[in-house]
Amino acid sequence: MAAVTAAILWSQNVSPIAACTTFCAMTGDAVLFGRNYDFEIGDGLLFVNTRGLAKQGFGARGPRWVARYGSVTFNQFGRDFPMGGINENGLVVELMWLDATQYPAPDDRAELGTLEWIQYQLDTAGSVADVVASDAHVRIAGDAPLHYLVSDPSGAAATIEFLNGRLVAHTQTSLPIAVLANSTYEQSLQFWRRRGEPSLPGGSGSDERFARTATQVRGLKELVAAHAVDRAFAILANAAQRSTRWTIVYDQTNRVVRFRTDRNPAIRELRMKTLDFSCGAPVRLVDLEEKMAGDIAARLQPYTPAANEALVTKTYPASSVTRRTPVSEIQAVARHPNQSACASRQAP
């Protein structure tokens, strides 16, 4: 299938009702990752994805791989096409819109769509360094102009941007603060440095949200995780907009996912260390808008193709970004994950 299909057929001609703000910060005893997901719709499923599955990329030039890690992901456009998530090793990958994005031209590398790239990283990468190194053998492709913030439990983080047709990663000394919004990292960093501190600029623009978040997250290092999580939610509330649908805080050290949605402000949590990610276990899911609070492990249900099809047939027409996708392509997206099977069970 064409590269545009592999990117879930996002249209370049539609301005997204999206912004998004992310950060990674070290607290006194943990590494936290915070994210606001801003978009025009909030429908979605949380998936618990198992390790050991043999997968094939969606496009004709997609790679083959076996999932090394299980993961918890937040998906709007079908299983294996997440907006972000965390894997068993504590690696987090989250997306944001970036108009300046220009993906690499076709070459000899295998090709992944912009959402599929996230699942590939969660399946195969154990660290930020692994994500950056993957650019040598897989190439991202599509029409959705995105960039990504990634982080692992060591406290390592990176912005992953595709500018002028090549991957640009800010890490270590080139990443003085691990925050990302909807401008290039360099542009946002320059804005923050010009404005200085302790000023906290108002407004909902990308650079303003970056500056407020960057200034506030530095205080998290003085807190233990129990208090830092509450503070992280407060920082994200300060950056929230009317289009903020999901607010997520990952405790990467302790492997705990906490989130709330615009329709249900109660904080829900999932402790990954209690989950079975083995390939013999079923992939599980829960509707993000289900009325629940606290630990949601007992609310997880086994994956069914019907549930995945119901999600994509609802969200594709509901979003101005995807509503012109042909029905045949939507059906192909819905069916795609059903071909995955435990690698040990496949015929040689």
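**View 1. Residue classes around the largest cavity of the predicted model.** The lining of the largest cavity divides into two nonpolar, five polar and three charged residues. Those residues are Lys55, Gln56, Trp65, Asp80, Glu116, Gln119, His336, Pro337, Gln339 and Ser340. Two elements, strand 4 (53-56) and helix 2 (116-124), each supply at least two residues of this lining. The volume of the largest cavity is about 70 Å³. The structure holds three cavities of 30 Å³ or more.

**View 2. The largest pocket and its lining.** The space in the largest pocket comes to about 400 Å³. Its lining is made up of 17 residues, and those nearest the centre of the pocket are Cys24, Gly155, Ala157, Leu175 and Ala178. Strand 1 (21-26) and helix 3 (128-133) are the elements that give two or more residues to the lining of the pocket. Strand 1 gives the largest share, three residues. By class, the lining of the largest pocket divides into 12 nonpolar, three polar and two charged residues.

**View 3. The disulfide between cysteine 279 and cysteine 342.** The structure holds one disulfide. In this disulfide, cysteine 279 is joined to cysteine 342, with an S to S distance of 2.2 Å. The link is left-handed, with -115 degrees about the S-S bond. It connects distant parts of the chain, as the two cysteines are 63 residues apart. Cysteine 279 is in the loop between strand 17 (268-271) and strand 18 (284-287), whereas cysteine 342 is in strand 21 (residues 341-342). Cysteine 279 and cysteine 342 are both buried.

**View 4. Cysteine 20 and cysteine 24, seen with their sulfur atoms.** Cysteine 20 is in no disulfide, and the cysteine sulfur nearest to that of cysteine 20 belongs to cysteine 24, 17 Å away. A disulfide requires the two sulfur atoms to be within 2.5 Å. Cysteine 20 is buried, with a relative accessible area of 2%. Cysteine 24 is also buried, with a relative accessible area of 7%.

Conventions
Residues are numbered from 1 along each chain as its sequence is written. This is a predicted model: local features need pLDDT of at least 70, side-chain atom pairs count only at pLDDT 80 or more; totals for chains, interfaces and linings use all residues. Side-chain values use heavy atoms; hydrogens and water are left out. On a 1 Å grid over the protein atoms alone, a cavity is a set of points where a 1.4 Å probe fits but cannot get out, and a pocket is an open set with protein on both sides within 12 Å along at least five of seven lines; lining residues have an atom within 4 Å of a point. Grid points are joined across faces, edges and corners, and a volume is the space filled by probe spheres set on the points. Helices (H or I, at least four residues) and strands (E, at least two) are DSSP runs, numbered from the N terminus. Ala, Val, Leu, Ile, Met, Phe, Trp, Tyr, Cys and Pro count as nonpolar, Asp, Glu, Lys and Arg as charged, and the others, Gly among them, as polar. Buried means under 20% relative accessible area, exposed over 50%, partly exposed in between (1.4 Å probe, protein chains only).
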